[in-house]
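Subject: Structure for you to look at

Hello,

Here is the structure I promised to pass on, and below it I have set out what was found. Please keep the model open while you read.

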Amino acid sequence: MTIYLDNAATTQLDNEVFNAMTPHLFENYGNPSAQHSHGRRAKIAVEACRATIALLLNASPEEIIFTSGGTEADNMAIVSAVESGIDHVITTGFEHQAVLQTLTNLQKKHDTRVSFIKHDEKGNLDLQHLEYLLRTNTRNLVSVMHANNEIGNLNDIERIGELCERYKALFHTDTVQTMGHYRFDLQKLKIDFLTASAHKFHGPKGVGFLYRRKGNRLAKLVHGGGQERGQRAGTENIPGIVGLSKALEIAYRNLEADTRYITHLKYTLVDRLSELIPEIQFNGNSAVEDRSLYTVLSVKLPSILPGRSLLQYLDERRISVSGGSACCAGGESHVLKALNIEPGYDTIRFSFSKFNNEREIDYVAAKLADLFEPVLV
Ligand code: PLP
């Protein structure tokens, strides 16, 4: 038996998504920029996907720009804000490297100032500090993720958006971990830029989108052709875009049932682990139901295996999980560092999807308990 509990890193493609994509690999393979029927058909497919995504998020089609995924969309949002005159970015130490490294680069190139919102030991953001930063600076962009990919903490993007509106700041949010898992009404939320990636909700890898509220300037990162209304050059990834749109449609069609099911799996694991391993701790708000992503559980356990991590122990038993995020694997996690996790502990991030089941949860809990039992007697 192999068990995959690393769905925050990436998810299995949905069969229905695959079936929607295949005609666009074999029959509808035209280039959407071409002036013939094959091209026109491909163009129609791209625009239909844009319209579907816009409808699901209560946005306008021209506000959706297809990208190669979350990383590119994060880069595009932040560079766009800076090129439109922003010189101060307010963010958090918990953001994905796609945000943090873009900011480091802008600090060097454009002298962009960056401030970090204070937080408590669980990673809860201090919104009074955010308000202070907004009040005492001008030309601000706030870039705060909806949910953290390593510990699952959820941020109050509704309230942050309201603060941004009050202080006339732009607001960017990275929803890579929450798109397809929560509903978004972009007419109501005060969001200027939002980033999403298909492979986190059973779509294909290498495709995502940036939502850019009408009226906000967009920076061009990739130069060349006139695709995406001249905003992002390069032949469109049609099968990918079709897969993205279909995956989002499926996610919202089944959202309530899938949310209940995955939440049940997560809290079953919380209960089993708490029962079997009394020394277990949960990082951030990981085990607090209304403050964390229902697909992520981050636990802290004593490092009891000499020269081996708990991740290796689980991997040897064909259980795939992560420590922090996949892109920082092997390196020190900036998120765990910001939470001051003391040495001598291993962190395991379990992340769940609709394709997991309770048998897998029991098996994983039992395998970890085997390891800790001798320590308890
Ligand atoms: N932002 C967050 C919060 C993520 O978790 C990830 C991927 O792990 C990304 C951005 C990058 O997305 P992509 O893999 O589509 O480039």
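The domain bounds used below come from an automatic or database domain assignment. This is a predicted model, in which local features need pLDDT of at least 70 and side-chain atom pairs count only at pLDDT 80 or more, while totals for chains, interfaces and linings use all residues. Residues are numbered from 1 along each chain as its sequence is written, and side-chain values use heavy atoms, with hydrogens and water left out.

On a 1 Å grid over the protein atoms alone, a cavity is a set of points where a 1.4 Å probe fits but cannot get out, whereas a pocket is an open set with protein on both sides within 12 Å along at least five of seven lines, and lining residues have an atom within 4 Å of a point. Grid points are joined across faces, edges and corners, and a volume is the space filled by probe spheres set on the points.

There are three cavities of 30 Å³ or more, and the largest cavity holds about 150 Å³. Its lining is made of 16 residues, with Gly180, His181, His202, Ala251 and Asp258 the closest to its centre. By class, this lining has eight nonpolar (Ala, Val, Leu, Ile, Met, Phe, Trp, Tyr, Cys and Pro), three charged (Asp, Glu, Lys and Arg) and five polar residues (the others, Gly among them). Helices here are DSSP runs (H or I, at least four residues), numbered from the N terminus; H10 (255-276) and H9 (238-253) each supply at least two residues of the lining of the largest cavity, and H10 gives the largest share, four residues. Because domain 1 (3-11 + 255-376) and domain 2 (15-253) both contribute to this lining, the largest cavity lies between them.

The second largest pocket has a volume of about 420 Å³. Among its 21 lining residues, Leu154, Asn155, Asp156, Ile157 and Glu158 lie nearest its centre, and H7 gives the most, with four residues. The lining of the second largest pocket comprises eight charged, seven nonpolar and six polar residues, and at least three come from each of domain 1 and domain 2.

Finally, H7 (residues 157-166) also packs with H6 (residues 127-135): their axes, which are lines fitted to C-alpha atoms over the stretch in contact, come within 10 Å and cross at roughly 20°, on a scale from 0 to 180 degrees between N-to-C directions. The two helices are therefore roughly parallel (an angle under 35 degrees).

Best wishes

Terms used. Angles under 35 degrees count as roughly parallel, over 145 as roughly antiparallel, 65 to 115 as roughly perpendicular and the rest as oblique.
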